[in-house]
Structures are given as C-alpha cells and as structure tokens.
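Hi,

Have a look at it first, then read on.

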Amino acid sequence: MKEFLNSIEIGSQGQFTLPAYYYIAEEIFQRELRQLFESSWICVGHVSDFPQRGSFITVDVGKESLLIVRDHQDKYHAHFNVCRHRGTKLTDSPCGLAGKSFQCPYHAWTYSLNGELIGVPDEKQIPNFSREAYSLHGAAVVSFEGLIWVHCGLKPTPFELHFAAIVKRFSNWTISDLELTGTKQYEVQANWKLILQNYSECYHCAPVHPRLVELSSPHSGGNDLIDGPVMGGYMDLKAGTGSMTFTGLRCGPTLPSLTTEQSERVYYYVVFPQMLLSLHPDYVMIHWLKPRSPSHTSITCKWYFPLSSKNQKCDPQDAIQFWDQTNREDWRVSELTQAGVGSSRYTPGPYSHREAMSAALDRYYLQQIEH
Ligand code: FES
Ligand SMILES: [Fe+2]
C-alpha cells in the first residue's frame, strides 16, 4: 500500500455531514467535554511556556482547570486546580512563577510543586488530620516533541499507545528547539467540529483562499494518517514557492533536519480533539481550540521559528499575516455554516471525495462520542 493516499483514493464512502444536533445541542456539548476533552490526551502548550523552573500555566480541559508546572528537577506535573481544603481554585492566573510551592489564597494551605500538602495553618485543630491524605489530585502529563500533553482521566491509555502512529513522525521539525514568534487569539462563533472539518479539506480553498491556492494547489498532496486520533497529510508547495507566506518566500531558514521532500511540502494534521499542527519547511504553526459552547470556540494560533532565524534577514510576519488572513477566511465560512446548520431546513449534505478527511474525522468522532 502507498504511504500517502489522495482524498479521491480514500473516498468519502457516500457519507453525509452530521445532523444539526451535533452542532447545536447543549446536551451533546456537555457529553463532548466529559467524554472527549476530559478523557483524551490533550496538548496544552509548548516547552517555551515554561521558561524557568517553577513556571506554571493553568488551562481549561473540558470543564476542568489544570495547573501544570515545571519543577526544580525539570519534571512536569499536572494538578487539578482545586484546593483539598474547601475546593477553592488555587490560582486563576493563566501563567506565572510558583517558586517552590503553591499557596491557596483562602486559608493558606500550601502545596509543593509535585502536589504534596506541606503547610496547614493550625493543623492540630483539625481532628484526625493527616497531610498525606490531601495531596492535590494529579492528572497524567507527558512531554513529547517539545509539547506538553495532559490527560484528566483516571485510567488514561498510555501516551505512546494512543499516539503510536506519530511517535518520531514529526521529529525532523525539532519542535522542542523552536521559539514562539507570534500569537493570535480568535473568538469564533462556530462549533469546534466545524473548525476541524474545515481544516481537513481543501475543496473550499479555491473559493475561500485566493492567495493560498497561488502557493499550493488544492489538488496536490496526500494523506498518510487516515484514521485515529491524528489525521492528515501534506500539500505540495508550487514550483518557485518557498513556504506559505504572503510573498511566497521562505521567511526563516529551512529547518535543518528536513528531507528534500519534506522541505517542498506543508504537512497538516488534526490532533483530535483540539489541536491543528501545520508543519512548514521554515516554521511550525499550531492552533489550540477551546470549546466554549456549542456555537463558540476560542482559538489560539501560535507560530514557532528556529532561533537562528533571528540572525538572518527573516520576516516571520510574512507567515503570520498570511495565516492570520487565511484563518479569518476559514472562521468566516465556519461561522456561516454554524448559522446555517441551526435552520429548520438544514439536513445533512453529501461529502465529496475531496472532503474524505472531513468524513473520516466525523467517523472517528462518532466512534468516540457514541461508545
Ligand atoms: S480552601 Fe484552600 S486553604 Fe481553605
Ligand atoms: Fe481553509
């Protein structure tokens, strides 16, 4: 079997888009938060979000808030952001420097970075109390390819098993060595699945993205991951195009470990349920999705470039502005779709073969939500 299949070869299997219920029902949304977001491996950030020992971030995963910290031995810990005394959130700062401990703002119970309860005012006044029984609740955490992943569930599938298909696949982009160069935040009035479906096909590229199709043919490329938690493949850059930028020129040095073939393509992967990983010859772009309601998704988009791009005449804005415009073009059609699927006249429509990956994504989603 070929390593990469084009969407025609994969086929949409006569599949139709999802019924409106999946895009508008509060009940299904609540089920998604619990069953998908709180029960999956979720990427929460990049190592650059933890610049020092003691650096922490807080993130919402489903309905949970997690506190993730790099300790003084460079080990990562993920804790539920819930004091073991009366349940108070330990911090609502998105990020910060913890020093050696976290202290609850209410009655000052204090926890070490690894979650042990180490300080309780007037401890002797609490009957039958033992600190050991009141460590913070922990979540599984893994550092992989320079990205930090967590799992809120009680018995997570081992990370290497869940992501067996991608182990070593992205190593050549050396994501752990790249530096955060730009961030854009978007509030999109569309269901999170519409964003993933939109990212998974280029049937829409000609009408929606005039500049993109000048750089990369929507008919090019192939998909190598067509089932499972990571899905996608690559598109070819047109001859004479260096990367996805307004000018079409590379805006950083080519990442040194890429093969010639990799440096002539852009790879696009959905990491289910909330991450879009776009691997370019000269930079990496990551979208993180946060579902807020059935019809509202917050999206953070970040661009990572090699440090050496600073020493050269590079203009990361060439990439950032190109994708910012392209993102907005995608959000617009996703919002229009959200508005349309709520109509009493909406019925599921047929996917074309050129939307085979969106159809595959829906199949995977239905397996996960209906089991
Ligand atoms: S609620 Fe945290 S110390 Fe009381
Ligand atoms: Fe698009």
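The side chain of N327 makes a polar contact with the side chain of Y186, at 3.1 Å. Keep in mind that this is a predicted model, so every distance below comes from predicted coordinates. N327 sits in helix α8, which covers residues 317-341. With a relative accessibility of 2%, N327 is buried, because anything under 20% falls in that class.

Helix α5 is another one to look at. How many of the residues of α5 are buried? It is 8 of the 8, so the helix (residues 192-199) is largely enclosed by the rest of the structure. By name, the buried residues are W192, K193, L194, I195, L196, Q197, N198 and Y199. At the start of α5, N191 brings a side-chain oxygen to within 2.9 Å of the backbone nitrogen of K193.

Two of those α5 residues turn up again elsewhere. W192 belongs to a cluster joined by ring pairs, together with Y21, Y22, F37, F272, Y364 and Y365. Y199 is one of the lining residues that lie nearest the centre of the second largest pocket.

The largest pocket has a volume of about 750 Å³. Its lining is made of 33 residues, and V44, T58, V59, K290 and T300 are the ones nearest the centre. Which elements give two or more residues to that lining? They are α3 (26-37), β1 (42-46), β2 (55-61), β16 (284-293) and β17 (296-306). Split by class, the lining of the largest pocket has 15 nonpolar, 10 polar and 8 charged residues.

The second largest pocket holds about 620 Å³ of space. Its lining counts 38 residues; Y199, S200, E201, C202 and M235 lie nearest the centre. Here the classes come out as 18 nonpolar, 17 polar and 3 charged.

T58 is part of strand β2. Is T58 buried or exposed? It is buried, as its relative accessible area is 16% and the class takes in anything under 20%. A polar atom of the T58 side chain lies 2.7 Å from the backbone oxygen of S93.

Now the aromatics. The model has 27 aromatic pairs. One of them is F129 with Y134: the ring centres are 5.3 Å apart and the planes are at 15°, so this pair is stacked. The cut-off behind that call is an angle under 30 degrees between the planes. Y134 itself is partly exposed, at 30% relative accessibility.

R265 is one for anyone who likes cation-over-ring geometry. Which rings does R265 lie over? One is F4, with R265 over the face at 5.4 Å from the ring centre. Another is Y234, where the distance from R265 to the ring centre is 3.6 Å.

- The peptide bond from F272 to P273 is cis, with omega near 5°. P273 is in the loop between β14 (265-271) and β15 (275-279). F272 is also a member of the ring cluster mentioned above.
- N128 is not a glycine, yet its phi is positive, at about 50°. N128 is in the loop between β8 (117-119) and β9 (138-144), and it is exposed, with a relative accessible area of 84%.
- T174 also has a positive phi, near 40°, in a residue other than glycine. T174 is in the loop between α4 (159-162) and β11 (178-188). At 23% relative accessibility, T174 is partly exposed.

One last pair, V230 and L277. They are 47 residues apart in sequence, while their C-alpha atoms are 9.7 Å apart in space. V230 lies in strand β13 (residues 230-236) and is buried, with a relative accessible area of 4%.

Cheers

Terms used
Residues numbered from 1 in each chain as written. Chains lettered and ligands numbered in written order. Predicted model: local features only at pLDDT ≥ 70, side-chain atom pairs only at ≥ 80, totals over all residues. Heavy atoms only, no water. Phe/Tyr/Trp six-rings, centres within 6.5 Å; stacked < 30°, edge-to-face > 60°. Buried < 20%, exposed > 50% of the residue type's maximum accessible area, 1.4 Å probe, protein only. Lys NZ or Arg CZ within 6 Å of the ring centre and 35° of its normal. 1 Å grid on protein atoms, 1.4 Å probe; cavity = no way out; pocket = protein on both sides within 12 Å on 5 of 7 lines; lining within 4 Å. Points joined across faces, edges and corners; volume = space filled by probe spheres on them. Helix = DSSP H or I, 4+ residues; strand = E, 2+ residues; numbered from the N terminus. Nonpolar A, V, L, I, M, F, W, Y, C, P; charged D, E, K, R; others polar. Polar contact = N/O pair within 3.5 Å; in protein donor to acceptor, adjacent residues only side chain to side chain.
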